[in-house]
Amino acid sequence: MAVERTLSIIKPDAVEKKKVGAILAMLEDAGFSILALRRQHLSREVAEGFYAVHKERGFFRELVTFMTRSPVVIAVLERDDAVKQYRGVMGATDPAEAAANTIRKAFGANKGENAVHGSDSVENARIEIAYFFPASEVAPSA
Ligand code: ATP
Ligand code: MG
């Protein structure tokens, strides 16, 4: 299985609940290496750009307001099959439907406030990592 990278964002709800450490521990326990890590209060412009793919959706305004209300913690994760494996550790978008032992089951409140973001493909992971981190801030591939 190929070593991949993916982008994780610990969303405002989980940062407010002081679950950053618990979530990073779950990720390390699941075999991910944390290659880059930053706390950042997203501007509307940055949040809208990041979620541009959803701009026609009814929940877009609500999503941007949520993502900008307080700081997030953004991380680049690496392991074999990282994109799919991290989606598995995150759990379903709606925490009520998320499997046991997933981050969203443990810390998500509802479909909007669901604790974490994860890239949904290797190609989008590359785009999302570059959106937040210059190459000089991400450890080079082994
Ligand atoms: P993410 O992209 O944040 O990892 P996801 O890939 O599981 O989540 P998407 O369909 O890409 O889900 O939706 C992006 C985000 O928009 C969701 O994580 C959630 O915060 C929000 N969202 C999605 N659907 C709804 C909805 N029906 N109502 C409110 N917010 C929603
Ligand atoms: Mg998504």
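Q: Contact means heavy atoms within 4.5 Å; with that in mind, which residues does Ser 70 touch, not counting residues up to four places away in sequence?

A: This is a predicted model, in which local features need pLDDT of at least 70 and side-chain atom pairs count only at pLDDT 80 or more, while totals for chains, interfaces and linings use all residues. Residues are numbered from 1 along each chain as its sequence is written, chains are lettered from A and ligands numbered from 1 in the order in which they are written, and side-chain values use heavy atoms, with hydrogens and water left out. Setting aside residues up to four places away in sequence, Ser 70 touches Pro 12, Glu 16 and His 41.

Q: Where is the place of Ser 70, and is Ser 70 buried or exposed?

A: Helices (H or I, at least four residues) and strands (E, at least two) are DSSP runs, numbered from the N terminus. Ser 70 belongs to the loop between α4 (60-67) and β3 (72-80). A residue is buried under 20% relative accessible area, exposed over 50% and partly exposed in between, using a 1.4 Å probe and protein chains only; Ser 70 has a relative accessible area of 12%, so it counts as buried.

Q: With which side chain does the side chain of Ser 70 make a polar contact?

A: A polar contact is a pair of N or O atoms within 3.5 Å; within protein, one must be able to donate a hydrogen and the other to accept it, and residues adjacent in sequence count only if both atoms are side-chain atoms. For Ser 70 the partner is the side chain of Glu 16, at 2.6 Å.

Q: How is Thr 102 placed, and what does the side chain of Thr 102 reach at 2.7 Å?

A: Thr 102 lies in the loop between α5 (82-90) and α6, and because its relative accessible area is 5%, Thr 102 is buried. Its side chain reaches the backbone oxygen of Ala 99 at 2.7 Å. Thr 102 and Met 90 are twelve residues apart in sequence, yet their C-alpha atoms are 5.3 Å apart in space. Not counting residues up to four places away in sequence, Thr 102 touches Met 26, Gly 88, Val 89, Met 90 and Gly 91.

Q: How many residues surround ligand 1, and which are the closest?

A: A residue is near a molecule if one of its heavy atoms lies within 4 Å of it. By that rule 14 residues surround ligand 1, and the closest are Lys 11, Tyr 51, Thr 93, Gly 112 and Asn 114. α4 and β4 (116-118) each supply at least two residues of this shell.

Q: Which distance separates a polar side-chain atom of Tyr 51 from an oxygen atom of ligand 1?

A: For Tyr 51 the distance is 2.9 Å, and a polar side-chain atom of Asn 114 lies 2.8 Å from an oxygen atom of ligand 1. In the side chain of Arg 104, an N or O atom is 3.1 Å from an oxygen atom of ligand 1.

Q: Which residue has a positive phi of about 60° although it is not a glycine?

A: That residue is Lys 18, which lies in the loop between α1 (12-16) and α2 (20-29) and, at 73% relative accessibility, counts as exposed. Ala 115 is not a glycine either, and has a positive phi of about 75°. Ala 115 sits in the loop between α6 and β4, and with a relative accessible area of 0% Ala 115 is buried.

Note on methods: Contact means heavy atoms within 4.5 Å.
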